[in-house]
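Please prepare a short briefing on the structure shown below.

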Amino acid sequence: MEHWLPLVAMAPLAAAALAPALGRGRPALAWGLGVIAAAWSLLAAVLLTRRLVLEGPFSYAMGGWPAPYGIELRFDALSAATVFVALIYLLVLVYSRRYAEAAIPAHRRSWYYSLLMVNLGGLVGFVCAGDLFNLFVFMELASVSSYALVAAGGGRVAALAALKYLLAGAVSSVLILFSIGVLHALTGSLNIADVAARLAATGAGAPAALALGGLTAGFMVKAALFPLHLWLPDAHASAPSPVSAILSGLVVNIGIIGWLRILPIFSGLETMALGMVYEALAWLGAVAIIAGALAALFQQDIKLMLAYSTVSNIGYIVLGLGLAHPVAATGATVHVLNHALIKSTLFLAAGALIHQTGYRTLHDLRGAGRVMPWTCLALSIGVLAVVGLPPTAGFLGKWYIALGALEAGRPVFAVALLAGALLIFFYYVRILNAFYFRAPAQERMLSVREAPLSMLLPVLLLAALCVLGGLFGRWPIDLLAPLVRQLPGGG
Amino acid sequence: MPSGLQNLDYAAFVVLFCIGLYMVLARSNLVKKLLGLNIMETAVFAFIVTSGMVDDGTAPILGNGVAGPFASPLPHALILTGIVVAVSITALALALIVEIHRQCGTIEADELKGAE
């Protein structure tokens with residue numbers, strides 16, 4: 001029981017090392033290994049979350065070295081996101097098998113699963129890391145594997161998009177590493193809790209503000225906050241669909257979760273620097289909501305549309321955090337989890353459509369509702385959730401953020417939020433119209449079959465979770481409450 | 001040491017960092033962009049390694065007749081890991097650039113924009 005915490009990240013990393021060796025020429029074996037590792041992570045995450053609910057946050061000292069000197073893994077409310085990470089990963093892997101057979105060249109398939117496992121290990125380690133340097137290392141594991149995964153399908157658009165993603169990501173990583181270096185030089189420690197305690201004692205305002213600025217800028221590039229989002233649409237749209245689901249649902253959240261992790265360090269800082277950061281984030285978030293939704297409205301390619309919708313949704317989350325109001329921060333943190341569910345539903349459903357029909361624009365996909373009813377049902381539920389209509393998971397976060405904006409006395413942000421929701425509603429109508437009410441534009445659409453069961457089941461399960469996430473929204477909110485209270489200026 | 005020269009290493013770090021950032025943003029050739037990224041990374045590594053320096057400090061290795069003060073070994077250990085990360089990013093980027101060259105016939109960013 002004691003050792004579950006390191007194992008939750010180690011199992012996928014071990015599978016990543018074994019997959020290309022054992023799966024050489026036998027990609028099905030590599031796939032099986034991946035599914036086992038993801039299932040293992042899910043089991044461990046559920047057990048750890050159960051312990052979190054019963055006993056409160058706990059730590060694990062790697063190699064038995066105690067906290068400020070050794071490496072600390074910490075499981076708190078934020079780390080409970082591992083359940084979502086592992087669950088989405090398991091479903092994406094199940095889905096991936098048939099999709100990869102068509103989209104990934106055979107000699108690369110074992111490596112593809114290996115990269116997915118590195119990515120899973122990185123993400124899980126990232127949310128459980130208790131010190132700054134491991135935060136960086138796990139972030140890089142997840143990031144570097146993501147760059148490679150974008151290009152996994154081959155093709156020149158994907159290679160270009162991957163390189164653009166790599167350059168943006170690597171520059172932001174350098175900024176983050178630099179800021180970690182500044183914090184280490186100031187305090188002589190790397191453990192997050194220890195750094196937070198020592199930073200207040202040093203009284204060094206300017207270098208600490210520099211570190212806060214560097215970390216915020218770096219993490220916001222990773223989160224693709226407008227106007228730092230330029231790398232995102234191409235990368236997310238040209239990656240293989242299961243990878244798009246992972247990137248849009250989970251990997252962008254590295255920026256948000258990382259920022260939430262480092263924020264308590266600066267709670268001792270004079271309020272001016274923090275206040276400026278909050279204010280800037282709130283405005284950028286509000287602009288991102290509108291800009292992302294507008295850009296999504298003008299896309300023909302269904303995956304580009306979803307990618308721009310991610311930009312818009314990150315806007316909601318950042319706006320909620322930037323308002324520095326407990327109600328809005330609750331909405332933002334809950335929306336991180338719900339957006340992960342919603343966006344992976346949407347990308348997997350869109351991937352199933354592309355896989356079965358070979359088309360990817362709304363015009364070509366007309367009439368899909370008749371030939372692939374279940375996939376289109378899941379996609380419709382996902383879009384309903386992304387709009388934020390009441391019984392779905394998307395409603396919860398947006399409602400809390402809007403409520404927080406009003407309570408904080410900033411109605412202009414509530415207006416921006418509503419305007420974004422209305423714009424998104426337009427593209428919901430566009431998708432529904434194309435799928436259900438228009439005559440097919442392509443003759444081949446008439447003979448298309450429904451997606452195979454191994455792809456359909458994960459999509460439908462995720463769509464069901466999009467609804468359940470809204471109906472049982474109380475549970476994550478209660479779990480995240482201690483986290484929100486801990487944020488400086490947010491509780 | 002005159003006080004103006006005391007932070008010479010930080011000034012050198014800032015200059016290197018800016019050169020790297022300029023190359024990433026302004027150069028059109030993808031390999032040069034990557035070199036700029038490497039220069040930025042080197043600048044940050046140098047900054048973190050020098051932050052472990054202690055005046056008149058010696059290597060922190062135990063043995064006969066060794067006395068403090070010691071330089072902090074932790075930044076070196078961190079940067080070793082940092083270098084490994086940087087190498088893997090460079091390798092991946094070079095592989096992608098080779099792939100781009102194979103598919104598009106050029107590695108100039110402005111020509112690639114026209115080709116899309």
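Helix α10 (residues 241–251) of chain A is largely enclosed by the rest of the structure, because 11 of its 11 residues are buried; a residue is buried if 20 or more other C-beta atoms, placed from the backbone, lie within 10 Å of its own, exposed if 12 or fewer, and partly exposed in between. Among the buried residues of α10(A) are Pro242(A), Ile246(A), Leu247(A), Gly249(A) and Val251(A). The model is a predicted one, in which local features need pLDDT of at least 70, side-chain atom pairs count only at pLDDT 80 or more, and totals for chains, interfaces and linings use all residues. Residues are numbered from 1 along each chain as its sequence is written, while chains are lettered from A and ligands numbered from 1 in the order in which they are written.

**Overall form of chain A**

- Chain A has 20 helices and 2 strands, these being DSSP runs numbered from the N terminus (helices: H or I, at least four residues; strands: E, at least two).
- The radius of gyration of chain A is 21 Å, close to the 23 Å given by the globule rule for 491 residues, so chain A is as compact as a globular protein of that length; the radius is taken over C-alpha atoms, and the rule is 2.2 Å times the number of residues to the power 0.38.
- The C-alpha trace of chain A spans about 70 × 55 × 45 Å along its principal axes.
- Of the 491 residues of chain A, 63% count as buried.
- Among contacts in chain A with a separation of 6 or more, 80% are between residues 24 or more positions apart; two residues are in contact if their C-beta atoms, placed from the backbone, lie within 7 Å.

**Packing of α2(A) against α3(A)**

- Helix α2 (residues 27–55) and helix α3 (residues 81–103) of chain A pack at an angle of about 160°, with their axes 8 Å apart; axes are lines fitted to C-alpha atoms, for helices over the stretch in contact, and angles run from 0 to 180 degrees between N-to-C directions.
- That angle makes α2(A) roughly antiparallel to α3(A) (angles under 35 degrees count as roughly parallel, over 145 as roughly antiparallel, 65 to 115 as roughly perpendicular and the rest as oblique).
- The contact includes Trp31(A), Leu42(A) and Thr49(A) of α2(A) and Val83(A), Tyr89(A) and Arg97(A) of α3(A).
- The residues of this contact divide into 14 nonpolar, 4 polar and 1 charged; Ala, Val, Leu, Ile, Met, Phe, Trp, Tyr, Cys and Pro count as nonpolar, Asp, Glu, Lys and Arg as charged, and the others, Gly among them, as polar.

**Contact between chains A and B**

- In this contact, 22 residues of chain A meet 25 residues of chain B.
- On the side of chain A that touches chain B, α5 (132–150) and α6 (156–187) of chain A each supply at least two residues.
- The largest share of that side, 15 residues, comes from α6(A).
- The residues of the side of chain A that touches chain B divide into 18 nonpolar, 2 polar and 2 charged.

**Backbone geometry in loops**

- Most residues other than glycine have a negative phi, and most peptide bonds are trans.
- A cis peptide bond, with omega about 0°, joins Phe226(A) and Pro227(A); Pro227(A) lies in the loop between α8 (205–222) and α9 (232–238) of chain A.
- Ala224(A), not a glycine, has a positive phi of about 60° and is placed in the loop between α8 and α9 of chain A.
- Ala224(A) counts as buried because it has 29 C-beta neighbours inside 10 Å.
- Ala324(A), a residue other than glycine, has a positive phi near 55° and is found in the loop between α13 (302–322) and α14 (326–357) of chain A.
- Ala324(A) is buried, with 22 other C-beta atoms within 10 Å.
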